[in-house]
Amino acid sequence: VQLVESGGGLVQAGGSLRLSCTASGRTFRTTAMGWFRQAPGKEREFVAAISASGYSTGYADSVKGRFTISRDHAKDTVYLQMNSLKLGDTAVYYCAAGLGSARADEYDYWGQGTQVTVLS
């Protein structure tokens, strides 16, 4: 599975961005997906995950109520809609394919990352 993220950029605090992650490979529809992020000087942290079917989702407490993960099997794409962005959301965001948990070591495939910078 190869993963390519897009949609990052600069946004004012309180604004919104939608990240996309397009997968290649025949196993996308049977694989859970997750979003993680890593800020400078910090460890990579879990953001959100979605089951292979799309019916189950999970979020980090820091983004619950502001971010929404979804997937489109027809487009082999998973999305992360980010609303009410805060300065603390600034990070490189990675999508990953794996077990759908909050543990980075349970994901086998990673994208290259996309930078999100929230401006005050």
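Biologist: What does Glu-106 count as, judged by its relative accessibility?
Modeller: This is a predicted model, in which local features need pLDDT of at least 70 and side-chain atom pairs count only at pLDDT 80 or more, while totals for chains, interfaces and linings use all residues. Residues are numbered from 1 along each chain as its sequence is written, and side-chain values use heavy atoms, leaving out hydrogens and water. Relative accessible area under 20% means buried, over 50% exposed, and in between partly exposed (1.4 Å probe, protein chains only). Glu-106 has a value of 26%, so the residue counts as partly exposed.

Biologist: Which residue forms a salt bridge with Glu-106?
Modeller: A salt bridge here is a side-chain nitrogen of Lys or Arg within 4 Å of a carboxyl oxygen of Asp or Glu. For Glu-106, the closest N and O atoms are 3.9 Å apart, and the partner is Arg-103.

Biologist: Arg-103 forms a salt bridge with Asp-105 too; how far apart are the closest N and O atoms?
Modeller: Arg-103 is partly exposed, at 47% relative accessible area, whereas Asp-105 is exposed, at 56%. In their salt bridge, the distance between the closest N and O atoms is 2.7 Å.

Biologist: How many salt bridges does the structure hold?
Modeller: Some of them link up: Arg-37, Glu-45, Arg-66 and Asp-89 are joined in a network of salt bridges. For the structure, the number of salt bridges is six.

Biologist: Which residue in β8 is the bridge partner of Ile-69?
Modeller: Strands β7 and β8 (residues 77-82) run antiparallel and are joined by six bridges. In β8, the partner of Ile-69 is Leu-80.

Biologist: And is Thr-31 buried or exposed?
Modeller: Thr-31 sits in the loop between β3 (17-24) and β4 (32-38). Beyond neighbours within four places in sequence, its contacts (heavy atoms within 4.5 Å) are Ala-52, Arg-71, Ala-97 and Gly-98. With 16% relative accessibility, Thr-31 counts as buried.

Methods
Two strands pair if DSSP finds at least two bridges between them. Helices (H or I, at least four residues) and strands (E, at least two) are DSSP runs, numbered from the N terminus.
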